[in-house]
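Trainee: I would like to go through this model and ask what stands behind the words used for it.
Mentor: Go ahead.

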Amino acid sequence: MPHSTSRRGLLFGAAAVSAGAVLTGCTSNESKDDDSSARNDQLAADDKPGKEVTIGFAGPQADHGWLNAINDNAKERAKKYKDVTLEATEGSNDTAAQIGQVETLINKKVDVLVILPADGKALTRVGLKAMKAGIPVVNLDRIFASAQAYRCWIGGDNYGMGLNAGHYIGEKLKGKKDARVVELAGLDNLELTKQRTKGFDDALKNYPNIEKVARQAAEFTVESGQAKMSQLLQAQKDIDALWNHDDDQGVGALRAIKQAGRDDFLMVGGAGALSAFQEIKADRGVLKATVLYPPTMAASAIDLARALGQGKGVGGLAEYEIPASLTLYSAVVDKDNVDQYMSTGFK
């Protein structure tokens with residue numbers, strides 16, 4: 001799936017929460033800091049009903065499993081809160097149509113907007129319009145051309161996907177002399193594909209025993225994955241590992257691998273499709289891991305929008321306001337932790 005050009009922003013997750021916990025622990029014996037901590041808790045968003053917030057949600061057409069999961073995550077998260085009303089558009093890949101949908105939400109005077117633009121550059125203007133109208137914007141994944149067009153950006157880490165895939169493969173092949181790996185990339189005209197490849201190449205530099213011997217660019221589709229993987233297998237009779245950028249095109253890649261009768265290497269996928277998780281759990285083929293580009297970011301975007309609408313910060317962080325930028329971590333899912341992530345897999 002063609003996801004965004006990632007912005008390398010603040011890493012948000014366990015590390016941030018741990019840091020907050022450590023900070024609280026270090027100051028817990030001082031009454032002044034106890035008072036400050038209590039104030040912070042009151043100003044951080046939580047599950048308790050508060051000020052009612054209407055959130056406008058505009059995304060592209062759900063023509064891919066990942067995008068469908070984005071929509072589902074946003075809607076399900078909004079249902080969790082009694083104080084949230086979600087105004088969701090139909091979704092469109094036509095930039096003019098999506099601009100019109102966002103303008104409709106602006107005219108409705110929603111409290112906060114969450115926008116995953118079909119084209120970040122093309123929708124920058126309407127993001128600016130919302131901000132100037134006093135409606136804060138949470139820019140989801142595909143980034144606007146101007147930071148003035150959003151209050152907060154949240155999205156995935158394409159470079160990190162490649163980096164973590166490379167390190168996973170590197171560690172698995174650490175003891176193998178003259179190891180050979182191949183890469184099945186996505187669309188080469190997309191910046192995100194270049195970022196994923198750069199991360200992968202940078203990681204492999206840490207393993208002098210490994211050489212990337214071939215690379216093919218597919219198109220994030222099952223059909224292109226099968227065709228390009230067949231070409232790789234025909235050209236490379238001896239490989240030790242494959243990194244495939246996208247689990248949807250990986251379905252086609254696995255078909256090609258099965259048709260060729262190959263089981264002499266390990267495969268790492270990308271994005272976090274349910275089919276990939278199920279294959280990893282079964283542990284009966286070459287697919288041993290996948291690197292996440294989590295659609296749960298849409299649920300987090302709703303959390304951030306609600307906090308903005310209520311004038312609150314994020315629990316676990318010391319600041320009174322939500323961050324300006326959140327880059328999600330690209331975790332590696334393999335047989336050891338796949339059960340933990342199974343419920344997040346998209347179809």
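Trainee: What does Gly252 touch, not counting residues up to four places away in sequence?
Mentor: In this predicted model, Gly252 touches Val222, Gly225 and Gln226. Gly252 itself sits in helix α9.

Trainee: What makes Gly252 count as buried?
Mentor: Buried means under 20% relative accessible area. Gly252 is at 0% relative accessibility, so it counts as buried.

Trainee: How far apart are Gly252 and Lys228, in sequence and in space?
Mentor: They are 24 residues apart in sequence, and their C-alpha atoms are 9.0 Å apart.

Trainee: Ser224 lies in helix α8, residues 222–235. Why is Ser224 called buried?
Mentor: The cut-off is under 20%, and the relative accessible area of Ser224 is 9%, so the word applies. Leaving aside neighbours within four places in sequence, Ser224 is in contact with Ala218 and Glu219.

Trainee: What does the side chain of Ser224 reach at 2.9 Å?
Mentor: The backbone nitrogen of Glu219. A polar contact needs N or O atoms within 3.5 Å, and the 2.9 Å from the Ser224 side chain to that nitrogen meets this limit.

Trainee: Which backbone nitrogen lies 2.9 Å from a polar atom of the Asp157 side chain?
Mentor: That of Gly160. Asp157 is placed in the loop between β6 (152–155) and α6 (158–172). With a relative accessible area of 5%, Asp157 is buried.

Trainee: What makes Ser275 partly exposed?
Mentor: Ser275 has 38%, so that is the class it gets. Ser275 is in helix α10, residues 274–282. From Asp248, Ser275 is 27 residues away in sequence and 8.7 Å away in space, C-alpha to C-alpha.

Trainee: Why are α4 and α5 called roughly parallel?
Mentor: Two packed helices are described by the angle between their axes and the distance between the axes. Helix α4 (residues 95–107) and helix α5 (residues 124–132) pack at about 5 degrees, with axes 10 Å apart. Angles under 35 degrees count as roughly parallel, and α4 and α5 are therefore described that way.

Trainee: Which residues make the contact between α4 and α5?
Mentor: Ile99, Val102, Glu103 and Ile106 come from α4, and Arg125, Val126, Lys129 and Ala130 from α5. By class, five of the contact residues are nonpolar, none polar and three charged.

Trainee: How does the span of α3 (residues 65–80) compare with the 22 Å expected?
Mentor: Its 16 residues reach 23 Å from the first C-alpha to the last, which is close to that. Buried residues of α3 include Trp66, Leu67, Ile70 and Asn73. The buried residues of α3 pack against β2 (53–58), β3 (84–88), β5 (137–140), α9 (247–259) and α11 (297–309).

Trainee: And the protein as a whole?
Mentor: There are 12 helices and 13 strands. Buried residues make up 51% of the 347 residues.

Notes
Residues numbered from 1 in each chain as written. Predicted model: local features only at pLDDT ≥ 70, side-chain atom pairs only at ≥ 80, totals over all residues. Heavy atoms only, no water. Axes fitted to C-alpha atoms, helices over the stretch in contact; angles between N-to-C directions. Helix = DSSP H or I, 4+ residues; strand = E, 2+ residues; numbered from the N terminus. Parallel < 35°, antiparallel > 145°, perpendicular 65-115°, else oblique. Contact = heavy atoms within 4.5 Å. Nonpolar A, V, L, I, M, F, W, Y, C, P; charged D, E, K, R; others polar. Expected span 1.5 Å × (residues − 1). Buried < 20%, exposed > 50% of the residue type's maximum accessible area, 1.4 Å probe, protein only. Polar contact = N/O pair within 3.5 Å; in protein donor to acceptor, adjacent residues only side chain to side chain.
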